[in-house]
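Trainee: Could we go through this one together, and could you spell out the cut-offs as we go?

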Amino acid sequence: MHLYDILGMKITDFELERQRIEVLFKKTKFHDDSYYGLVTYKDVVDQAFSTSRIRGTAINLDDFMNQCAVHWKKPSLDALLFYCEVVFNVVMSTNDDIRYHTTASRLADQMLGNIFRILEKTGYDLQKGEDGIYFITQKNAVATDVIQELDDKHLALVILEYNRFSMKGEIERKRELLNVIGQAVEPILKDATAKARSPEVFDDVRFALNRLNIRHNNVAGANEQPALKKLSKEELETAYDDLYSSMLVLLKISQLKEGHARMDALKKQMTKA
């Protein structure tokens, strides 16, 4: 085995990776001119955390971390990702306040470096929400491509939120997000030219929006779909995820159509010249 083999190894011991960050966060002791005796990164950050945007109602950093700790007690990839998300936000929300504390800043950089490497190896990304809070999403090339072309920032965040790692199993929230994306693709569904490019996707999206309890109450009443009640939670979530992917395709088709129109206009302009 060579060094490149070690560096390229997949992450399988999720708890070990979490503990490595934890050592930097609260177990590595050092001298700091502003404090008497040995301190840790957590000690230095604790005072700055009182004004952090992520504090909520926690009275200090220990209180906040204890509140979050329930989500990483059982080792798993999700637990590791949640821990990374929490630590990343603590670091980013207090970095300006500790920039003159050299050792603490260095430890912060090391933690961020570890988090970025973990995300790279596990297929995830970090995104920044409108409220300044960072969250982890699954890497999705189509979603990233669509978002880059969107002027609607709220829609972009909705698309990102659906892709968040912690959304697994959150059926009701996924339904709400799909409804928002569905409103955005409604004009595209009425575009005959765009439909001609991928009629199957158009039909799938229209069916799912109207029959899977997204636009309408399909559980009871005039729009009831008896077959829907027979779906397991896992089957419904899979159908929702498929709908999400299909609506991204529709948004991309619309963007390509706009790009084609611009290119067509450029061709005509250059032909005249």
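**Cysteines, salt bridges and charge**

Mentor: C68 is buried, with a relative accessible area of 9%, where buried stands for under 20%, exposed for over 50% and partly exposed for what lies in between, using a 1.4 Å probe and protein chains only. Keep in mind that this is a predicted model, in which local features need pLDDT of at least 70 and side-chain atom pairs count only at pLDDT 80 or more, while totals for chains, interfaces and linings use all residues. Residues are numbered from 1 along each chain as its sequence is written, and side-chain values use heavy atoms, leaving out hydrogens and water.

Trainee: OK, and how many disulfides does the count come to?

Mentor: Taking a disulfide as a pair of cysteine sulfur atoms within 2.5 Å, the count comes to zero. C68 is in none, since its nearest cysteine sulfur, that of C84, is 13 Å away. C84 is likewise in no disulfide, its nearest cysteine sulfur being that of C68 at 13 Å, and C84 is buried, with a relative accessible area of 0%.

Trainee: Switching topic, how many salt bridges does the structure hold?

Mentor: There are 15 salt bridges, each being a side-chain nitrogen of Lys or Arg within 4 Å of a carboxyl oxygen of Asp or Glu. One of them joins K174 to E237, with the closest N and O atoms 2.7 Å apart. That pair links distant parts of the chain, with K174 in helix 9 and E237 in helix 13 (residues 233-272), 63 residues apart; helices here are DSSP runs (H or I, at least four residues), numbered from the N terminus.

Trainee: Is K174 buried or exposed?

Mentor: K174 counts as buried at 5% relative accessibility, and E237 also counts as buried, at 11%.

Trainee: What does R175 form a salt bridge with?

Mentor: R175 pairs with E172, the closest N and O atoms being 2.8 Å apart. Both lie in helix 9 (residues 171-189), three residues apart, which is about one turn of the helix. E172 is partly exposed, with a relative accessible area of 45%.

Trainee: And K195, which side chain does it meet in a salt bridge?

Mentor: K195 meets the side chain of D203, at 3.7 Å from N to O. Elsewhere, salt bridges that share partners join E15, R18, E22, K26 and K27 into one network.

Trainee: Last one, where does N213 lie?

Mentor: N213 lies in the loop between helix 11 (199-211) and helix 12 (226-229), and it has a positive phi of about 65 degrees although it is not a glycine. Most residues other than glycine have a negative phi.

How values were computed: Helix = DSSP H or I, 4+ residues; strand = E, 2+ residues; numbered from the N terminus.
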